[in-house]
Amino acid sequence: MSDEPLPPPSETSQEALLPPARITLAEIFLTFLAIGATSFGGGVVAYLRSSLVEKKGWLNDDTFLEVLEISQTLPGLNATNMAVLVGDRLRGWPGALAGFLGMMLPGALMIFILGIVYASHAQNENVNAVLKGVGAASVGLLLAVTLKIGRKQLEKPLDIALVVITLVLVSFIHVMLPIVLLTVGPVAIFLYRPRTHLPHKADDHSFDKRPAD
Amino acid sequence: MNLGSLFSLLWVFSLLSIMAVGGGTSVLPAMKDFTVEIQGWVNESQFRDIYALGQIVPGPNMLMVIVIGYHVAAIPGAIVAFLGFFVPSSVIALATGRVWNHFEGSPWRTAIQRAFAPIVVGLMLAGTISIARTAIVGDNDHLQICLALAAIVFVILYFGRKINPALLILAGGVAGWFFLR
C-alpha cells in the first residue's frame, strides 16, 4: 500500500504500555471528558493521540495504532470504540464504562439542550438558515475527508470497483444497507482472501482512516 | 408516553449501530430511510437541521440520534435512542478488543480489513450524497449558494493547508445566516 515504515511490533508492548501507577477510574473519566468536550469537527483521532500517547503516556504508538485498527474495523464510531477499548485495557470493563461516559457526556448534554431549543424553534427562519449553512459546509467536509481516505487507501482497480459498486447499490439503487453488507462484504473478502503466493502487506494507514466521527 | 415508540427507537438505532462499519457516515442513508421515510419520525428538513446540530457540538456527530429520539418520545426517547445507537457497537468493541490479539498475524484478519476498506469508502460517499440531497438539493431556494458553500469548504480542506474543520463548519453557519434566510 505504501512505503511508510511501520514500527516493528514488539512482544513486550502489552507490558510496556502499562504505566507504573494504577490509573484511577476518575482519571480515565476526566481524560476522556476533556477529549469529548474539545474534539470538534471530526478530528477525534488527533485529539486521542495527543492526549493518550503524548500527554498521559498511557499508550505507546504501537498500542495506539493497534487499538485504532480494532476500532476502525468494528462497527461503531471511532471515538466511542477507542474510549471503550482504551478504558478496558487500563482498568477492565469499569474503565471502558468510564471512558465511554467521559467521551459522550459533554456532546450528549450539549446536543440534548440544543435539541430542546430546536424543537420549539424548528420553524424559525434564522435557525433554519444557520443550520442550512452548517449542513452545506458539512457536505464539503465529508467529501474532503472521504476522498482523502480513499486516495490513501485505494489504489487497485478492484478497490475502485468495490467503491463504485457499494456507492451505486446504496445511493442509486437504494438497496438496504444490511443486504449490501451481507452481499458485497463476503464477495470482497473472497476476492482479498489470503493467497500464499501473493501475500498482502499489513495496512499501514491506520492514522489516516476514517477520522470523520 | 408510548412504549411502542420506545421499542421502535431501540430497534431501529440498535440495528443502525451494528451496521455502522467505518463510522456514522456509513449509516446516514439508512438512518434517513428509517427515520424519515419508514417511521416518519422527522421530516427531511428536520433531518437536515438535526444533522447540522450534530456537527456543532463536540464529540461524535452521531449524537444527533438523541435529538431524533427527543422528537419521537421526549426525554425517554432521547435516552433510548442514545443507548440503542451507542451501546451495541460498544459491547462488540469491548468483546472483540479482548480476543483480537488471538488473531494476530492471521492472514484472514488482513483480508477482512482490505476487503472492507473500499466498502467503507463507498458507504461514506453514499452518506455524503445522502446529506447533499437533503442539505443542498432538497427543499432549498438557495441551491447555488449552498453548492458554493460546500465547494469552498471542500477545496479548502482537500487542497489547502491543515485547518480545524470546526472553524469552517461555524463559518458555514454564519454564511447561512447572512445568505440563506
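## Surface and fold of chain A

Chain A exposes about 9,500 Å², of which carbon and sulfur atoms supply 68%, the accessible areas coming from the Shrake-Rupley method with a 1.4 Å probe and, for residues, only the protein chains shown counting as cover. This is a predicted model, in which local features need pLDDT of at least 70 and side-chain atom pairs count only at pLDDT 80 or more, while totals for chains, interfaces and linings use all residues. Residues are numbered from 1 along each chain as its sequence is written, chains are lettered from A and ligands numbered from 1 in the order in which they are written, and side-chain values use heavy atoms, with hydrogens and water left out.

Chain A has eight helices and zero strands, where helices (H or I, at least four residues) and strands (E, at least two) are DSSP runs numbered from the N terminus. Of its 213 residues, 51% count as buried, that is, under 20% relative accessible area, against over 50% for exposed and in between for partly exposed (1.4 Å probe, protein chains only). Among the contacts in chain A (heavy atoms within 4.5 Å) with a separation of 6 or more, 63% come from residues 24 or more positions apart.

## The interface between the chains

In all, 100 residues of chain B are in contact with 96 residues of chain A. Between them the two chains bury about 8,700 Å², 74% of it on carbon and sulfur atoms; buried area is the accessible area (1.4 Å probe) that two parts lose on being put together, summed over both. B:Pro58, B:Arg114 and B:Tyr158 supply 9% of the area that chain B buries against chain A, more than any other three residues.

The rule for salt bridges (a side-chain nitrogen of Lys or Arg within 4 Å of a carboxyl oxygen of Asp or Glu) finds two across this interface. B:Arg114 forms a salt bridge with A:Asp159, and the closest N and O atoms are 3.8 Å apart.

## The contributing helices of chain B

The elements that give two or more residues to the side of chain B that touches chain A include helix H1 (3-19), helix H4 (64-99) and helix H5 (107-137) of chain B. H5(B) gives the most to that side, with 27 residues.

## A buried proline in chain B

B:Pro165 lies in helix H7 of chain B and is buried, because its relative accessible area is 17%. From B:Val153, B:Pro165 is 12 residues apart in sequence and 8.6 Å apart in space, C-alpha to C-alpha.
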